[in-house]
Amino acid sequence: MPGKIIIISAPSGCGKSTIINALLEKGEIDMQFSVSATNRQPREGEVNGVNYHFLTDEQFKNAIAVDAFVEFEEVYPGRYYGTLKSEVSRRCDEGHNVILDIDVKGGVNVKKMYGDKALSIFIQPPSVETLRQRLVGRGTDSPEAIEQRVGKAEFEISFAPQYDVVVINDDLNEAIEATGNVIKNFVSK
Ligand code: 5GP
């Protein structure tokens with residue numbers, strides 16, 4: 001049986017990567033992470049081919065030209081991210097479920113493409129104010145950058161009703177468990 005697609009989207013700072021990594025580490029669910037391509041620079045500690053396939057602008061354009069993407073989006077001005085067909089189809093064909101960490105536009109598009117073969121999950125902060133406080137507490141962003149992220153989060157949260165499931169990340173461990181449970185239920189059907 002071919003594998004299924006699990007789509008995870010969330011505003012930044014909502015614990016999406018932590019939740020995905022925790023579920024992959026637990027290893028209770030047969031699923032593999034689809035490594036996206038991007039033209040952004042690697043952050044410290046990020047590894048090419050593991051976190052992303054880091055491409056130059058030229059390489060990204062070429063990948064578009066040869067129809068290598070399931071979908072791609074300009075998530076930030078000039079910064080492109082795309083799901084590679086090669087990441088998804090091989091794993092699915094081998095019977096593995098594939099988990100995608102993608103933005104809201106990509107998430108809604110992929111759900112439309114795959115229909116019942118895909119489960120889309122939106123991770124949401126308890127409130128926009130909680131997100132603002134988390135970002136302030138993290139201390140890595142300027143007040144302007146925080147307001148920008150909060151504004152983007154409000155835009156992203158407006159997509160939540162288009163997802164199959166919304167998980168509120170109030171308590172991280174509970175959110176990991178809730179996300180794991182909906183995925184387990186979906187892949188066992
Ligand atoms: P970051 O630069 O923080 O790693 O990711 C920025 C945003 O790009 C996140 O919302 C992430 O989910 C999204 N993203 C990562 N890969 C893809 C992809 O392949 N397609 C789309 N549409 N968005 C992606």
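Modeller: Two strands count as paired if DSSP finds at least two bridges between them. Helices (H or I, at least four residues) and strands (E, at least two) are DSSP runs, numbered from the N terminus. This is a predicted model, in which local features need pLDDT of at least 70 and side-chain atom pairs count only at pLDDT 80 or more, while totals for chains, interfaces and linings use all residues. Residues are numbered from 1 along each chain as its sequence is written, and side-chain values use heavy atoms, with hydrogens and water left out.

Colleague: Which residue of β7 is the bridge partner of M31?

Modeller: That partner is N97.

Colleague: In what order do the strands of the open sheet stand?

Modeller: The five strands follow the order β2-β7-β1-β8-β9, with parallel pairing. Because β2 (31–33) and β9 (165–168) stand at the edges with a single partner strand each, one side of each has no neighbour in the sheet. From one strand to the next, the twist averages 25 degrees. Angles run from 0 to 180 degrees between N-to-C directions, and axes are lines fitted to C-alpha atoms, for helices over the stretch in contact.

Colleague: Which strands does α3 touch?

Modeller: Contact means heavy atoms within 4.5 Å. Helix α3 packs on the sheet and touches β1, β2 and β7, its direction making about 155 degrees with that of β7.

Colleague: Which residues of α3 are buried?

Modeller: Buried means under 20% relative accessible area, exposed over 50%, and partly exposed in between (1.4 Å probe, protein chains only). An α-helix has 3.6 residues a turn, so residues three or four places apart point the same way. In α3 (residues 85–93), the buried residues are E87, V88, R91 and C92. These residues lie on the same side of α3 because they cover an arc of only 100 degrees around the axis, taken from the directions from the helix axis to the C-beta atoms.

Colleague: Which residues touch the most other members of the largest nonpolar core?

Modeller: A nonpolar core is a set of buried Ala, Val, Leu, Ile, Met, Phe, Trp, Tyr and Cys residues joined through side-chain atoms within 4.5 Å. Among the 24 residues of the largest one, these are I6, I8, M31, I99, I121, I123 and I183. Another core, of 17 residues, lies apart from it and includes I5, V104, F122 and A160.
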